Amino acid sequence: MSNYHIKHLEEYWQVYRKSVRHPEHFWEEIAEEHFVWRKRWDKVLEWDFDTPIVKWFQGGQLNITENCLDRHLATRGNQTALLFEPNDPNSPAEHISYSELHQRVCKMANVLKSKGVQKGDRICIYLPMIPELAVAVLACARIGAVHSVVFAGFSSTALATRIQDCDCRMVICSDGSYRGEKILDLKSIVDQALEECPEVSTVLVVQRTLQDIAMVQDRDFYMADLLEKSSADCPIEIMEAEDPLFILYTSGSTGKPKGMLHTTAGYMVYTAYTFKNVFQYRDGDVYWCTADIGWITGHSYIVYGPLCNGATSVMFEGVPSYPDFGRFWEIVQKHKVSQFYTAPTAIRALAKENVDYVNSYDLSSLKVLGTVGEPINEEAWHWYNENVGKKNSPIADTWFQTETGGIMISPIPYSTPTIPTFATLPLPGVQLALMDHEREEIKGNQVHGKLCIKFPWPSMARTIYGDHDRYRETYFSAYDQMYFTGDGAMRDAVGYYRITGRVDDVIIVSGHNIGTAPVEDAINEHPAVAESAIVGYPHDVKGNALYAYITLKESGEDRNHDNLRKEINELIRSRIGPIAKMDKIQFTQGLPKTRSGKIMRRILRKIAHDESNQLGDISTLLNPEVVESIIKGAMI
Ligand code: WTA
């Protein structure tokens, strides 16, 4: 018997030890007992972190949508699979049952086929949080097309880069989207992006806002028209275990975004298993993850993980502040949400508002709370625990990455005792290591180091689409035979892990990963800018805010600084998206550099953190004199 559902701490330890001693046997049992396969695998695992190559369940055949949908039809066809809560609180929620979702997925899958989509084709999905987003994801998976969801807050340039990188020929988008009081013009963003993507021959448009949009003849089609003519009978495409399931882009510290490629069987097994345990989901529960499906959390813990377990998963279109700061709690009360999963940045934003917004609602249905995306600070943890959980719902502080596919470190609620700011213990199958400056593993407890993973887990990304060298270089070259996460962590006296943050040039702002290089590239495009460097500094709601140090070209020196700041932020908004806008822009005479010409971000970071008294020895810099003027400028 597999240990699919862990119910107490002793059991966790027993399962964990088994998963480390016999990983293949451990995952094989789970795969066998809890999923539908069309053909059994020949080999559970093949791996080598040098190449690197990782293959799970080779020879196995399946379709993930059969596991998410078809197999539930007989037992829970009428149960709500997706519970859609629209932006407008006065519009009714939509309860989409497993059988209806199955039908809608089949119909859309047939639409894709009718437009020539074949197994292996990449499809870009640029949709707001409406049911069609989940349907489109599953429709791709049903016919073996590889979905590449791009968060619908990204700009046209960012969208174009992602479409080009994985050579999508089709885009699925909507006319517009609702976010609080705002209506966003998504189709025109797509049209602008497609000026750079002549290969895209088909655009399928879901109508949400019914605003006027331009339709390009023979390229753009209304989804509703096509669905109307489409059959609800769509047999699954039988997939190999290691066939690609999706690509999802994440920022790197350098260069263009990385298209993380996830494959079918291992991803399914791991996300389903971790969903069950981290959220302690039981039949009848209503689970709500507030993330957007444009991020990994939404892929794994709104769509695939919950549906594989036959769960009811809430999809929310709106924002936590509309019509007021009580919206989340109103939804929890209305749908009797049992598991609530959100980001620390949302918690901090809500904690700033009057606590009556929380207290006016009945939250007694809640059993488990979760957080993800960035370290949760102690104050926010306590606010969440006391006001939302009423000290009665354990908080799962879940650590994972786009690259890991599923949650890696988290308490098992009701089993693992929690401590604020600690993600606590690795989940079964996850073998962590902390590394020191000598690149050696640090053994023992009460230590701090760089976080690595030393054994493959089923849902790890298999490559960066089109760039396996970069995959090896980024994740497997820093330490011998280890996957390097890019995060620092400490292990306390009892072996609990606390994630301390990124150790590379990725800055997490409101839970979104921002790579410094692409933002600096955008800033440098401004004709007045000579050079720029951005760093993060602490912010009480966003976690980190962005600080740009910019030197101007001679021709730009007479320009009005406030106007320049506006133009630069506008440029960032158009190249990347509003999430990457600067909170602070300081114009400087120069940037501190090493003798080899590298910008010393460490020094800029200290200044931004208001720690310029701790700069250490700067005499080896190429230009130590600029530091003094930057410190002075920062104080203005
Ligand atoms: C950070 C998000 C501390 C971390 C699922 C990681 C966290 C990056 C936590 C991945 C957490 C995520 N505590 N830090 N519970 N969860 N992170 O790819 O730095 O958007 O490397 O995946 O977020 O961000 P990504």
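In this predicted model, leucine 210 sits in the loop between β11 (202–206) and β12 (220–222). Its phi is positive, about 60°, although leucine 210 is not a glycine. Most residues other than glycine have a negative phi. Leucine 210 has a relative accessible area of 63%, so it counts as exposed.

Lysine 336 also has a positive phi, here about 50°, and it is not a glycine. Lysine 336 lies in the loop between α12 and β18. With a relative accessible area of 58%, lysine 336 is exposed, because the cut-off for that class is over 50%. A further positive phi, near 50°, belongs to lysine 390, which follows α15.

Two cis peptide bonds were examined next. Most peptide bonds are trans. The bond from threonine 51 to proline 52 is cis, with omega near -20°. Proline 52 is placed in the loop between β1 (43–48) and β2 (53–58). The bond from tyrosine 322 to proline 323 is cis as well, with omega near 0°. Proline 323 falls in the loop between β17 (312–316) and α12.

Helix α15 spans residues 378–388. Its buried residues are Ala380, Trp381, Trp383, Tyr384, Asn385, Asn387 and Val388. These buried residues pack against helices α12 (327–335), α13 (344–351) and α14 (356–359). They also pack against strands β18 (339–342), β19 (368–372) and β20 (395–398).

The ligand is surrounded by 17 residues. The closest are Asp397, Thr398, Thr402, Asp487 and Arg502. A polar side-chain atom of aspartate 397 lies 2.7 Å from a nitrogen atom of the ligand. For threonine 402, a polar side-chain atom is 2.6 Å from an oxygen atom of the ligand. For asparagine 513, the corresponding distance to an oxygen atom of the ligand is 3.2 Å.

Rolling a probe the size of a water molecule over the atoms shows where empty space is left. Across the whole structure, three cavities of 30 Å³ or more were found.

Key:
Residues are numbered from 1 along each chain as its sequence is written. This is a predicted model: local features need pLDDT of at least 70, side-chain atom pairs count only at pLDDT 80 or more; totals for chains, interfaces and linings use all residues. Side-chain values use heavy atoms; hydrogens and water are left out. Buried means under 20% relative accessible area, exposed over 50%, partly exposed in between (1.4 Å probe, protein chains only). Helices (H or I, at least four residues) and strands (E, at least two) are DSSP runs, numbered from the N terminus. Contact means heavy atoms within 4.5 Å. On a 1 Å grid over the protein atoms alone, a cavity is a set of points where a 1.4 Å probe fits but cannot get out, and a pocket is an open set with protein on both sides within 12 Å along at least five of seven lines; lining residues have an atom within 4 Å of a point. Grid points are joined across faces, edges and corners, and a volume is the space filled by probe spheres set on the points. A residue is near a molecule or strand if one of its heavy atoms lies within 4 Å of it. A polar contact is a pair of N or O atoms within 3.5 Å; within protein, one must be able to donate a hydrogen and the other to accept it, and residues adjacent in sequence count only if both atoms are side-chain atoms.
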